[in-house]
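Please keep the sequence and the 3D view at hand while reading.

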Amino acid sequence: MHLAAPRAPVLFYCHFPDQLLAPPPSRTLAGRLRALYRAPLDALEQATTGAADRVLVNSQFTAAVFARAFPRLAVRGVSPAVLHPAAAIPAERALQRAADTWREVLPADVVALVEGGGPVFLSINRFETKKGLPLALDALAALPRSAPAPVLIFAGGYDARLPDNVAVLASLKARAAALGLTARVAFLPSFAEPQKAALLAVATAVLYTPQGEHFGIVPVEAAAARVPVVACASGGPVESIADGVTGWLVAPDAAAFAAAAARVLGPGGPA
């Protein structure tokens, strides 16, 4: 950019350093070859990022990661500013429309689960290993028994061409069966935006399970829809959730998630 327009200031918005999204190095031959391949790319990333006039990141968490990933830039005093991503705040009529029309928007199995069950817990994440989705199932299993029993809906990005997506969805279904939760769990891969609004309209709370998430837009979207969130006390959610007000920040284990979910169902919920 500097070469094409040398007088134009450059603003670089860093979601997360690319080098950290690549597989970690290993001692295998393939790992060593990958490290050799990545070395010039990582050096180029650091140099070109440092060439920007101003660097922004999406959270304080990412700012700390940036400093560790680009030590030469930190020595030069390159310190990114934080610009949190935003979510659109639905108008009152949009929230009401979602609450009125969710039965027409959601698949029949999801509608049946919501109508036949108790409180609805919602997980919105891509079907990826790093999102920690089994934690939501374990939390549901750890909740005290009640009538009607709480239910859980998994919704998120899914691509049948990606082995990790396929494996995660299959493992969640198997885990639900092993925990005796099949009748209380539904899956909605690759939903549309109107379906997301419908899901938030019927949700009692969102269970947000990733650890060390760069920012995580889901807690912000849930807050905009007036839905509390139970999330791991790490990464971006620490900055987007007001603990005890718009949700709870807890340890990444089933007992902690279940305890917070139980608070959603009883006295002491978020203000």
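## Terms and overall make-up

Two strands are said to pair if DSSP finds at least two bridges between them. The helices (H or I, at least four residues) and the strands (E, at least two) are themselves DSSP runs, numbered from the N terminus. This is a predicted model, in which local features need pLDDT of at least 70 and side-chain atom pairs count only at pLDDT 80 or more, while totals for chains, interfaces and linings use all residues. Residues are numbered from 1 along each chain as its sequence is written, and side-chain values use heavy atoms, with hydrogens and water left out.

The chain holds 11 helices and nine strands, and its C-alpha trace spans about 65 × 45 × 35 Å along the principal axes. Of the 271 residues in the chain, 42% are buried, where buried means under 20% relative accessible area, exposed means over 50%, and partly exposed lies in between (1.4 Å probe, protein chains only). Among contacts in the chain with a separation of 6 or more, 68% come from residues 24 or more positions apart, a contact being heavy atoms within 4.5 Å.

E1 runs parallel to strand E2 (residues 54–57), and four bridges join the two; Leu-11, for instance, stands opposite Arg-54 in E2.

Strand E5 (residues 151–156) pairs with E6 in the parallel sense over five bridges, and Gly-156 stands opposite Pro-189 in E6. Strand E4 (residues 120–124) and strand E7 (residues 205–208) also pair in the parallel sense, over two bridges, with Val-206 in E7 as the bridge partner of Leu-122.

Strand E6 (residues 185–189) is mostly covered, since four of its five residues are buried.

## Helices H6 and H7

Two packed helices are described by the angle between their axes and the distance between the axes. For helix H6 (residues 134–142) and helix H7 (residues 163–178), the axes come within 10 Å and cross at roughly 15°. H6 and H7 are therefore roughly parallel to each other, given that angles under 35 degrees count as roughly parallel, over 145 as roughly antiparallel, 65 to 115 as roughly perpendicular and the rest as oblique.

In this contact, Pro-134, Leu-137 and Asp-138 in H6 meet Leu-172, Arg-175 and Ala-176 in H7. These residues divide into four nonpolar, no polar and two charged, with Ala, Val, Leu, Ile, Met, Phe, Trp, Tyr, Cys and Pro counted as nonpolar, Asp, Glu, Lys and Arg as charged, and the others, Gly among them, as polar. The buried residues of H6 are Leu-135, Ala-136, Leu-137, Ala-139 and Leu-140, and they pack against E5, H7, E6, E7, E8 and helix H11 (254–265).

## Loop residues

Glu-128 lies in the loop between E4 and H6 and is buried, with a relative accessible area of 16%. Glu-128 touches Asp-164, Asn-165 and Val-168, not counting residues up to four places away in sequence.

Most residues other than glycine have a negative phi. Ser-190, in the loop between E6 and H8, has a positive phi near 50° and is partly exposed, with a relative accessible area of 44%. Arg-226, in the loop between helix H9 (218–224) and strand E8 (229–232), has a positive phi near 70° and counts as exposed at 59% relative accessibility.

Note on methods
Axes fitted to C-alpha atoms, helices over the stretch in contact; angles between N-to-C directions.
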